[in-house]
Amino acid sequence: MPENFARFRRSHEFWLLSVILILVVGLSVMTEGFLTLQNLFDLLTSYAFLGILASGLLVVLISGGIDISFTATASIAQYITMLLANKYGLNWFIVFAMASVVGIALGAINAVLIDRLNISSIIVSIATLNIFYGLLVFITGGKYIYSLPPWFSHGIYWFEYVDADEISYGINLQILALAVMFTLTWLILNRTNIGRQIYALGGNREAAQRLGFNVFRLNILVYCYMGLTAGVASLIQAQLAQSVAPTVLVGKELDVLAAVVLGGASLAGGVGTVFGTILGLTLLAVMQNGLILLGVSSYYSQFFVGLVILLSVSATALSARRKRKGVMTE
Amino acid sequence: MSNAPHPPRGPDAALMSLIGSLTGDVTNRRLAILLVALVAVFGLIIGEGFFTKATVQSMAFQLPELGILSLAMMITLISGGLNLSIISTANLCALAMAYIMTKMLPGTEGFAFVGWQIVAIAVGLLIASIIGLVNGFIIAYLGVSPILTTLGTMTMVKGIGIGMTRGNVISGLPDSIVFLGNGTVLGIPTAMLVFAVVTIPMAIALGRTPFGAATYMIGSNEKATQFSGIDTKRVILRIYVISSLLAAVAGLVMMARFNSANASYAESYLLVTILAAVLGGVDPMGGFGKIAGVILSLVILQVISSAFNLLNFSQFLTLAIWGAILVGVTAVPNIRKRLGLID
């Protein structure tokens with residue numbers, strides 16, 4: 001146990017956790033609104049969209065690739081699903097299945113282009129982002145869908161509990177989906193053979209290939225999983241916003257990337273954990289929420305987010321360098 | 001040698017290809033054929049309207065913004081990096097320049113009038129240099145990956161712009177600046193001349209100087225370059241400063257064209273600059289890419305955009321076609337390899 005703790009103390013997650021704890025303690029003392037059940041539930045609900053996408057992007061980054069196109073994928077999945085749900089009055093199971101299938105199909109296009117045509121993933125996903133998004137807005141004319149089916153607008157609310165101030169809490173659709181997708185991603189990465197193969201592929205592609213891994217199948221899996229998360233995320237976003245807008249999601253892809261890399265995933269592949277991603281996302285969420293509660297003008301919130309990203313990546317790089325030097329002198 | 005699959009991309013080749021050795025480079029030849037084909041097809045569909053002076057001139061008005069930004073992206077891509085902060089840098093510099101020009105300018109002529117404009121532009125370039133130094137320092141000396149570093153500075157720089165202006169627009173620039181974006185000299189848009197003024201020294205720097213050679217070498221193999229006695233950290237620092245300065249010039253041109261500045265103009269251009277550079281033959285992994293190719297790719301993108309505009313197609317269809325062309329052009333060599341045809 002002490003040995004495990006010593007290893008944990010040197011990890012990226014430990015640094016993140018410490019920063020988050022300091023922020024949380026500071027904010028709890030300095031503001032009244034931060035450490036309330038309501039605020040925490042609101043935070044979880046509003047960051048679920050980014051979180052679900054982050055879990056998908058984490059898998060892609062671990063495999064050594066990158067995907068930028070998922071916001072366009074999410075926009076398409078959302079639009080098609082809600083259009084059909086309005087027309088045919090579907091149910092929860094079918095809408096999620098449909099959005100997932102759309103996401104998986106678009107993810108498969110990415111995987112095929114990347115693997116079969118041997119084009120680097122960043123180029124493919126920049127191209128498909130433009131293609132998916134351009135076609136979606138061209139075909140739909142950029143029209144919003146304002147009326148969603150009533151059962152969808154109403155959402156779900158489990159374990160509802162009303163406190164003394166008559167504010168009700170419960171597990172809503174966003175929190176449920178976030179928990180399910182993080183758990184699923186953790187299971188795939190840590191408890192399956194495929195997860196180990198994805199780490200191996202990202203760590204050393206050549207070696208993975210020589211060991212006889214089916215790289216094409218792994219790529220299909222990874223990019224389709226990203227598509228699946230985009231499909232799920234798109235629906236809970238539509239439920240939260242109570243509308244579908246084809247133009248609002250594209251542009252958020254770098255926010256998701258920031259959360260995942262803050263969480264310690266490497267763009268070179270082979271590195272990254274679900275726990276780290278959760279911490280990266282938490283740091284961004286707590287900081288943005290804290291700035292608002294502290295009364296800092298929301299116009300400056302981006303500045304602080306950028307500053308924290310820069311400080312965090314610089315500190316990580318410095319500590320990694322010190323570790324390397326330490327190893328050399330030992 | 002002209003038919004070799006990967007002709008040597010040394011210093012000499014860059015200037016040669018800039019002057020127009022369209023047959024000397026496989027990528028450029030492919031792009032030139034694509035351009036001719038596109039012009040022919042659009043010419044047939046649209047007719048004479050496509051070849052009028054007004055159409056050509058409007059293309060020349062629109063190209064420089066994306067063009068200068070693409071050069072800013074390109075130089076970092078060649079070195080194996082990436083600069084996501086170019087748009088926010090362009091906007092922050094434009095805001096600073098616009099602020100000085102709208103608040104400080106005395107009258108509409110005279111020595112002080114010209115002087116303050118020069119001061120404004122100098123301040124813009126100074127801000128750009130600082131951002132470039134921050135990027136370059138963190139990337140070169142702390143060893144943080146360029147995508148992370150510039151993602152951070154992008155957010156931070158944009159945050160400064162939004163914070164200072166509360167998201168508002170600064171407008172009402174002096175005529176001399178508006179002329180820079182909307183005027184013509186001998187029928188050539190002034191912005192195009194600015195584009196030429198930054199492109200030529202950059203082509204020379206990349207193609208004819210030790211700095212340029214080092215940039216390509218770092219992109220191919222940074223470790224090896226370091227061991228060959230080149231101070232790679234200094235070179236990387238300079239690359240990001242140059243990228244930032246180019247972004248500031250782009251900011252000036254944008255501000256001149258719109259007669260205003262704002263913290264979130266032209267954000268959709270960010271990924272398009274990567275698209276333009278890669279379409280022009282820049283290897284996103286670093287080491288390869290020439291200015292001539294990027295210029296060809298910019299012209300192709302502009303021709304598609306202008307033609308679709310004349311045909312009354314949605315600008316979003318233009319985006320989709322740009323993406324398709326990127327996949328198409330990058331896929332061609334791989335498909336040929338797969339089919340067993342040697343390129």
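Student: What radius of gyration would a compact globule with the 330 residues of chain A have, and what does chain A have?
Tutor: Keep in mind that this is a predicted model. A compact globule of 330 residues would come out near 20 Å, and chain A has 21 Å, so the two agree. Along the principal axes, the C-alpha atoms of chain A fill a box of roughly 70 × 55 × 35 Å.

Student: And what is chain A built from?
Tutor: Chain A has 14 helices and two strands. Of its 330 residues, 44% are buried. Take the contacts in chain A between residues at least 6 apart in sequence: 75% of them link residues at least 24 apart.

Student: Which helices and strands does chain B have, by count?
Tutor: Chain B has 14 helices and four strands.

Student: What makes chain B count as compact?
Tutor: Set the value against the rule again. For 343 residues the globule rule gives 20 Å, and the radius of gyration of chain B is 20 Å, so chain B is as compact as a globular protein of that length. Its C-alpha trace spans about 65 × 60 × 30 Å along the principal axes. Buried residues account for 49% of the 343 in chain B. As for contacts between residues at least 6 apart in sequence, 76% of those in chain B join residues at least 24 apart.

Student: How many residues do the two chains bring to their contact?
Tutor: 40 residues of chain B touch 40 residues of chain A. On the chain B side, the elements giving two or more residues are helix H6 (146–165), helix H12 (269–279) and helix H14 (315–338). By class, that side of chain B has 25 nonpolar, 13 polar and two charged residues.

Student: How do H6 of chain A and H12(B) pack?
Tutor: Helix H6 (residues 121–140) of chain A meets H12(B) at an angle of about 120°, and their axes are 10 Å apart. Oblique covers what is left once roughly parallel, roughly perpendicular (65 to 115 degrees) and roughly antiparallel (over 145) are taken out, so H6(A) is oblique to H12(B). The crossing of this pair is left-handed.

Student: Which residues make that contact?
Tutor: H6(A) uses A:Ile123, A:Ile126 and A:Leu129, while H12(B) uses B:Leu271, B:Ile274, B:Leu275 and B:Val278. By class, that gives seven nonpolar residues, no polar ones and no charged ones.

Student: Where is B:Asn259 found?
Tutor: B:Asn259 is in the loop between helix H11 (232–258) and strand S4 (260–261) of chain B. Phi is positive here too: near 55° for B:Asn259, a residue other than glycine.

Terms used. Residues are numbered from 1 along each chain as its sequence is written. Chains are lettered from A and ligands numbered from 1 in the order in which they are written. This is a predicted model: local features need pLDDT of at least 70, side-chain atom pairs count only at pLDDT 80 or more; totals for chains, interfaces and linings use all residues. The radius of gyration is taken over C-alpha atoms; the globule rule is 2.2 Å times the number of residues to the power 0.38. A residue is buried if 20 or more other C-beta atoms lie within 10 Å of its own, exposed if 12 or fewer, and partly exposed in between; C-beta atoms are placed from the backbone. Two residues are in contact if their C-beta atoms, placed from the backbone, lie within 7 Å. Ala, Val, Leu, Ile, Met, Phe, Trp, Tyr, Cys and Pro count as nonpolar, Asp, Glu, Lys and Arg as charged, and the others, Gly among them, as polar. Axes are lines fitted to C-alpha atoms, for helices over the stretch in contact, and angles run from 0 to 180 degrees between N-to-C directions. Angles under 35 degrees count as roughly parallel, over 145 as roughly antiparallel, 65 to 115 as roughly perpendicular and the rest as oblique. A crossing is left-handed if the near helix is turned anticlockwise from the far one by less than a right angle, and right-handed if clockwise.
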